[in-house]
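Okay everyone, thanks for coming.

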Amino acid sequence: MREALAEASAAGLRGDVPIGAVLLDADGAILARAGNERELTGDPTAHAEMLALRRGAEALGRGGSGWRLEDCTLVVTLEPCTMCAGAIVNARVGRLVFGAFDPKAGAVSSLRDVVRDPRLNHRVEVTAGVLADECGEVLHRFFDAHR
């Protein structure tokens with residue numbers, strides 16, 4: 001989570017909402033890291049989670065199956081939104097670890113639970129609230145400074 005927090009801080013310094021993500025392989029080594037890049041790139045889908053998933057799949061380079069991340073863990077500073085939760089399921093991520101809960105847009109616990117929906121063909125193991133106070137504080141400081 002500390003690595004994801006570092007990515008979040010870097011995103012905030014660039015003017016993006018400070019959310020960070022890292023994708024770990026089965027041994028815990030970092031495959032990919034990212035912070036939000038929506039402002040940087042003008043891409044509305046450039047959430048930290050989406051970027052880490054793309055970069056991780058590229059790093060694995062498993063031919064046609066590189067997108068299957070069943071043995072990977074995604075660590076993110078904020079509970080993923082619906083778009084990111086859907087991508088996590090579609091990428092077959094094995095485990096999700098997140099920090100702060102997002103009562104306005106969270107799609108893993110707060111508003112809905114996309115990643116563990118029994119109607120879907122893949123469910124993700126979830127660990128929630130890791131360093132939640134620190135993760136939330138990064139966001140509070142950012143938004144306080146931009147109001």
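Let's start at His47, in the loop between α2 (38-41) and α3. Quick word on names: helices (H or I, at least four residues) and strands (E, at least two) are DSSP runs, numbered from the N terminus. Also, this is a predicted model, where local features need pLDDT of at least 70 and side-chain atom pairs count only at pLDDT 80 or more, while totals for chains, interfaces and linings use all residues. Residues are numbered from 1 along each chain as its sequence is written, and side-chain values use heavy atoms, with hydrogens and water left out.

Is His47 buried or exposed? His47 is buried, because its relative accessible area is 14%; buried means under 20%, exposed over 50%, and partly exposed is in between (1.4 Å probe, protein chains only). Which residues does His47 touch, if we skip those up to four places away in sequence? They are Asn36, Arg38, Cys81, Met83 and Cys84, where contact means heavy atoms within 4.5 Å.

Met83 and Cys84 come up again where α3 and α4 meet: Glu49, Met50 and Leu53 in α3 face Met83, Cys84, Ala87 and Ile88 in α4. Sorted by class, this contact has six nonpolar, no polar and one charged residues. Here Ala, Val, Leu, Ile, Met, Phe, Trp, Tyr, Cys and Pro count as nonpolar, Asp, Glu, Lys and Arg as charged, and the others, Gly among them, as polar.

How do we describe a pair like that? Two packed helices are described by the angle between their axes and the distance between the axes. For α3 and α4, the angle is about 25° and the axes are 9 Å apart. The axes are lines fitted to C-alpha atoms, for helices over the stretch in contact, and angles run from 0 to 180 degrees between N-to-C directions. So α3 and α4 are roughly parallel to each other; that label goes to angles under 35 degrees, with over 145 as roughly antiparallel, 65 to 115 as roughly perpendicular and the rest as oblique.

Now stay on α4. Its buried residues are Cys84, Ala85, Gly86, Ala87, Ile88 and Val89, and what covers them includes α3, β3 and β4. Just after α4, Arg92 takes a positive phi of about 60°, although Arg92 is not a glycine. Why point that out? Most residues other than glycine have a negative phi, and most peptide bonds are trans. Arg92 is in the loop between α4 and β4, and it counts as buried because its relative accessibility is 19%.

There's another one: Leu131, also not a glycine, has a positive phi near 50°. Leu131 lies in the loop between β5 (125-128) and α5, and with a relative accessible area of 28% it is partly exposed.

Last stop, the core. In soluble globular proteins, nonpolar side chains tend to be buried together. In this model the largest nonpolar core has 46 residues, and Leu53, Leu74, Ile88, Leu96 and Val115 touch the most other members. A nonpolar core is a set of buried Ala, Val, Leu, Ile, Met, Phe, Trp, Tyr and Cys residues joined through side-chain atoms within 4.5 Å. Take Leu74: leaving aside neighbours within four places in sequence, its contacts include Ala21, Leu53, Ile88 and Leu96.
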